[in-house]
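Q: Please take a close look at a single strand and its pairing partners, and describe the surroundings with the cut-offs that apply.

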Amino acid sequence: MSQLFDLPACPVLAMAGTELRFPVGRIFCVGQNYAAHAREMGFEPQRDAPIFFTKSPAAVCHSGSTIAYPPGTANCHFEVELVVAIGAPAFRIAAADALSLVAGYGVGIDLTRRDLQNAARGQGHPWDTGKDFENAAVLAPLTPATSFGVPAAQRISLTQNGETRQDADLAQLIWSIPELIAELSKLYHLAPGDLIFTGTPAGVGPVAPSDRLVGRIDGLADLTLAIGEPE
Ligand code: MN
């Protein structure tokens with residue numbers, strides 16, 4: 001028996017300041033988790049249940065990359081987000097215990113083909129082509145949770161060619177990090193390698209060829225991304 005072909009190895013993230021590496025398994029994402037962003041998308045913020053969606057590991061793009069402007073869109077948006085990296089298994093964990101699962105934190109950009117997402121939403125169709133595409137999960141090196149501490153009121157921001165577009169703090173999350181982990185663990189058996197993009201603050205906007213984006217969260221390694229011409 002021989003396998004027809006080999007698949008690429010899973011993406012691996014550096015852990016800043018250590019020799020450790022974090023292999024990426026699943027990627028979960030949260031929608032509308034800052035009130036001002038929910039409103040700019042045309043929705044009232046709600047606490048009924050978190051809005052979860054996923055990206056595949058094939059969407060991972062490392063900080064420092066230059067990517068082609070994504071195909072199939074004329075309105076690709078940046079969304080800077082805190083990313084939580086899960087380092088231990090859990091199912092139906094209580095929020096009070098949830099931070100014990102976190103191996104590290106990082107800055108991410110949830111690149112979004114907004115035109116495709118909005119068209120899908122309008123027709124009641126899945127968001128996948130708007131959210132899960134190559135280079136759509138941009139990730140900076142992680143910082144170990146023991147170095148970062150507890151997500152609280154750290155500033156989260158994004159600049160586009162030096163202009164500040166997003167500027168908020170983590171205390172404004174509608175669903176806190178422990179709450180998100182607890183809710184997600186009701187739906188999935190969380191496992192080491194899982195990442196959670198925890199939602200973006202207000203100020204999202206379109207990227208263009210030659211843009212340079214910098215995402216920052218106090219206490220974490222910066223994320224940089226350059227946009228090139230379309231392929
Ligand atoms: Mn997002």
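**Strand 18 and its partners**

A: Strand 6 (residues 65–69) and strand 18 run parallel and are joined by five bridges, where strands are DSSP runs of E with at least two residues, numbered from the N terminus, and two strands count as paired if DSSP finds at least two bridges between them. This is a predicted model, in which local features need pLDDT of at least 70 and side-chain atom pairs count only at pLDDT 80 or more, while totals for chains, interfaces and linings use all residues. Residues are numbered from 1 along each chain as its sequence is written, and side-chain values use heavy atoms, with hydrogens and water left out.

Within the pairing to strand 18, Tyr-69 stands opposite Pro-230. Strand 18 also pairs with strand 17 (residues 212–217), here in the antiparallel sense and over four bridges, and Arg-212 is found opposite Ala-226 of strand 18. Strand 17 and strand 18 form a hairpin with five residues between the strands, in which Gly-219 takes a positive phi near 95°.

As for burial, strand 18 (residues 223–230) is largely enclosed by the rest of the structure, because six of its eight residues are buried; buried means under 20% relative accessible area, exposed over 50%, and partly exposed in between, with a 1.4 Å probe and protein chains only. In a regular strand, side chains alternate between the two faces of the sheet.
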